[in-house]
Amino acid sequence: MDFNVKKLASDAGVFFTRAVQFTEEKLGQAEKTELDPHLENLITRADSTKNWTEKILKQTEVLLQPNPSARIEEFIYDKLDKKLPSRTTNAELLGQYMLDAAIEFGSDTPYGKTLITVAEYQKRLGGAEREFLHTSAVTFLSPLRNFLEGDWRTISKERRLLENRRLDLDICKARLKKAKLAEAKAAVRSNFNSSSSTLRSETIRAQPDSDSFNMTRVVSFLPSSRLVFQAEHELRVAQTEFDRQAEVTRLLLEGISSTHLNHLRCLQDFAEAQATYYAQCHHYMQDLQRELNRCANAVSAPHSSASVCPNPVSPAFLSGPASSGAAVPAASSSSSQKPVTLAMEQSQLPVTGARKARVLYDYDAHDTSELSLLADELITVYTVPGMDPDWLIGERGNEKGKVPVTYLELLS
């Protein structure tokens, strides 16, 4: 117990001395040891990295989860090191509401059937969003948090130690300065006593020990010399500890470059996850639009189906008459109108701007008017007048069909 009390008193004394030194430096009453310029630049760069990482992390969390209550819940589960329970996305919840409404209104009614169709795609969108959130959390948010809660805490700890070592070094410098000043004063006082001793020479000779006064001079001068020697020793120790801590801190701060490279890879993964998510959403919405148009064509009158609810997957985008005829929907116009329509659409097939394209993702054709794709393959694409800008005509050997633009990288 005594040891703990003594240590506590010693630590309190060191803390008070450092506080006095720090205050005097701020007031300009004490000298301050400046850090190496390279180390100062590293510290500035590290502070900037920490500040911007915090801002990017916070804003990304807002982007992925706009609900503040949900973010607080995620934060609490993360701090408690517990698995966050699965949460239904807004799109999935909307899809479930639509399904419940379809059951109540009647699943065999046109409105009920449409609700079921839209609900299915809303749930698909919700699943894609869930996958995107999971991928973003693993590949982007977690590395940023790990830096702030791991590497940066270590760097901050070593920087605090460096600051304490610098204060100790400056304290030792001040002590040495005071000790030398005291030594100089003692030397002046000794010289003064030596000069005044000549006036008392007769008295000194009368004493039995003629060297007593000289011994008194040596004894009075000895404490100042000891203080200087001790202060110089403490200064050497403090300088060694400061240099060692500065080297440790410098090595940690130079690791910020590796952190930037790691965050660069994470940022690329996040952008790729975003691109995949939005491509999936676009694909699902195109499928939904296609389904809704088919439903509209099925319930509309034959003479108005083409004008009221045009089908974006018209068979006219295929080249051969046989494939065009096979892709004509059952709810099309009369047989007398069909040849005229096909002839007009086929007259628009001349190639405009044919070029090569690389496939980014796999794509499965939904009907005979489309062309299935495999990732990384090369195909020839072109457009025709009046065509939906989100689609192109793709050719691969003898195969031909519509392909979505979002799945392609056009090559020069």
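Figure 1. At 3% relative accessibility, D287 counts as buried, where buried means under 20% relative accessible area, exposed over 50% and partly exposed in between, with a 1.4 Å probe and protein chains only. This residue is found in helix α8 (residues 256-299), helices (H or I, at least four residues) and strands (E, at least two) being DSSP runs numbered from the N terminus. The side chain of D287 makes a polar contact with the side chain of H366 at 3.0 Å; such a contact is a pair of N or O atoms within 3.5 Å, of which, within protein, one must be able to donate a hydrogen and the other to accept it, and residues adjacent in sequence count only if both atoms are side-chain atoms. The structure is a predicted model, in which local features need pLDDT of at least 70 and side-chain atom pairs count only at pLDDT 80 or more, whereas totals for chains, interfaces and linings use all residues. Residues are numbered from 1 along each chain as its sequence is written, and side-chain values use heavy atoms, with hydrogens and water left out.

**Figure 2. Helix α2 and its start.** Helix α2 (residues 37-64) has 28 residues and reaches 40 Å from its first C-alpha to its last, close to the 40 Å expected at 1.5 Å a residue, the expected span being 1.5 Å times one less than the number of residues. At the start of α2, the backbone nitrogen of H38 has a side-chain oxygen of D36 within 3.0 Å. Among the buried residues of this helix are L39, L42, I43 and A46, as well as L57 and L64.

Figure 3. In α4, the residues A91, E92, G95, M98 and A102 are buried. Seen down the axis of α4, these buried residues fall within an arc of 120 degrees, so they line one face of the helix; the arc is that of the directions from the helix axis to the C-beta atoms. The face turned away from the buried side carries the exposed residues N90, Y97, I103 and E104. G106, with a positive phi near 110 degrees, follows α4.

Figure 4. E377 forms another with R396, with closest N and O atoms 2.8 Å apart. This pair links distant parts of the chain, since E377 lies in the loop between β1 (352-359) and β2 (378-383) and R396 in strand β3 (residues 391-396), 19 residues apart. E377 is buried at 16% relative accessibility, whereas R396 is partly exposed, with a relative accessible area of 24%.

**Figure 5. S412 in the segment after β5.** S412 is found in the segment after β5 (408-410) and is exposed, with a relative accessible area of 98%. From C-alpha to C-alpha, S412 and R355 are 7.3 Å apart in space, although 57 residues apart in sequence.

Definitions and conventions
Salt bridge = Lys/Arg side-chain N within 4 Å of Asp/Glu carboxyl O.
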